Amino acid sequence: ARDLSVDMKPDAPGEKERILAAGGEVSVGRGNGPSRVWCDGRVGLAMSRSIGDGECKKYGVIADPQIRKFDIDVDRGDRFIICAS
């Protein structure tokens with residue numbers, strides 16, 4: 001199996017820079033907790049991309065998906081794809 005997507009975390013390269021440039025803050029996770037986007041000091045969103053979070057849009061949280069293309073290779077053993085969230 002191989003991952004077809006990457007988690008969009010607030011402290012990931014590129015994601016953090018966009019959030020900071022828009023006036024948001026990114027905190028480091030505590031213990032096993034995730035890093036978070038802070039929007040006006042109130043919302044602690046644990047992702048840098050979100051479809052329905054209007055409150056954080058102005059602080060660099062976007063809804064744009066990351067699109068990657070993969071070829072299915074039957075000779076390598078690719079037989080099906082599982083899409084899950």
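These legends describe an overall view and several close-ups of a predicted protein model.

**Figure 1. Overall fold of the predicted model.** The protein has 2 helices and 3 strands. Along the sequence they follow the pattern α-β-β-β-α. The radius of gyration is 16 Å, well over the 12 Å that the globule rule gives for 85 residues, so the protein is more spread out than a compact globule. Along the principal axes, the C-alpha atoms fill a box of roughly 50 × 30 × 20 Å. Of the 85 residues, 20% count as buried. The accessible surface comes to about 6,700 Å². Carbon and sulfur atoms account for 51% of that surface. Among contacts between residues at least 6 apart in sequence, 41% join residues at least 24 apart.

**Figure 2. Confidence along the chain.** The average pLDDT of the protein is 88. A score of at least 70 is reached by 99% of the residues. Confidence is highest in helix H1 (residues 15-21), with a mean of 96. It is lowest in S3, with a mean of 84.

**Figure 3. The loop at aspartate 40.** This view shows the loop between strand S2 (36-39) and strand S3 (43-45), where aspartate 40 lies. Aspartate 40 has a positive phi of about 60°. The residue is not a glycine.

**Figure 4. Alanine 21 in helix H1.** Alanine 21 belongs to helix H1. Its relative accessible area is 71%; the cut-off for exposed is over 50%, so alanine 21 counts as exposed. Methionine 47 is 26 residues away from alanine 21 in sequence. In space, the two are 16 Å apart, C-alpha to C-alpha.

**Figure 5. Serine 50 and its contacts.** Serine 50 sits in the loop between S3 and H2. Its relative accessible area is 19%; buried means under 20%, so serine 50 counts as buried. Which residues does serine 50 contact, leaving aside its neighbours within four places in sequence? They are Leu45, Val61, Ile62 and Ala63.

**Figure 6. A nonpolar surface patch.** Leu4, Phe70, Ile72, Val74 and Ile81 make this patch. Its area is about 470 Å². Phenylalanine 70, one of the patch residues, lies in the segment after helix H2 (54-57). Phenylalanine 70 is partly exposed, with a relative accessible area of 30%.

Methods: Residues numbered from 1 in each chain as written. Predicted model: local features only at pLDDT ≥ 70, side-chain atom pairs only at ≥ 80, totals over all residues. Heavy atoms only, no water. Helix = DSSP H or I, 4+ residues; strand = E, 2+ residues; numbered from the N terminus. pLDDT = per-residue confidence, 0-100. Patch = residues over 30% accessible without salt bridge, like charges linked within 9 Å, V, L, I, M, F, W, Y side chains within 5 Å. Areas by Shrake-Rupley, 256 points an atom, 1.4 Å probe, with all protein chains shown as cover. Salt bridge = Lys/Arg side-chain N within 4 Å of Asp/Glu carboxyl O. Buried < 20%, exposed > 50% of the residue type's maximum accessible area, 1.4 Å probe, protein only. Contact = heavy atoms within 4.5 Å. Rg over C-alpha atoms; globule rule 2.2 N^0.38 Å.
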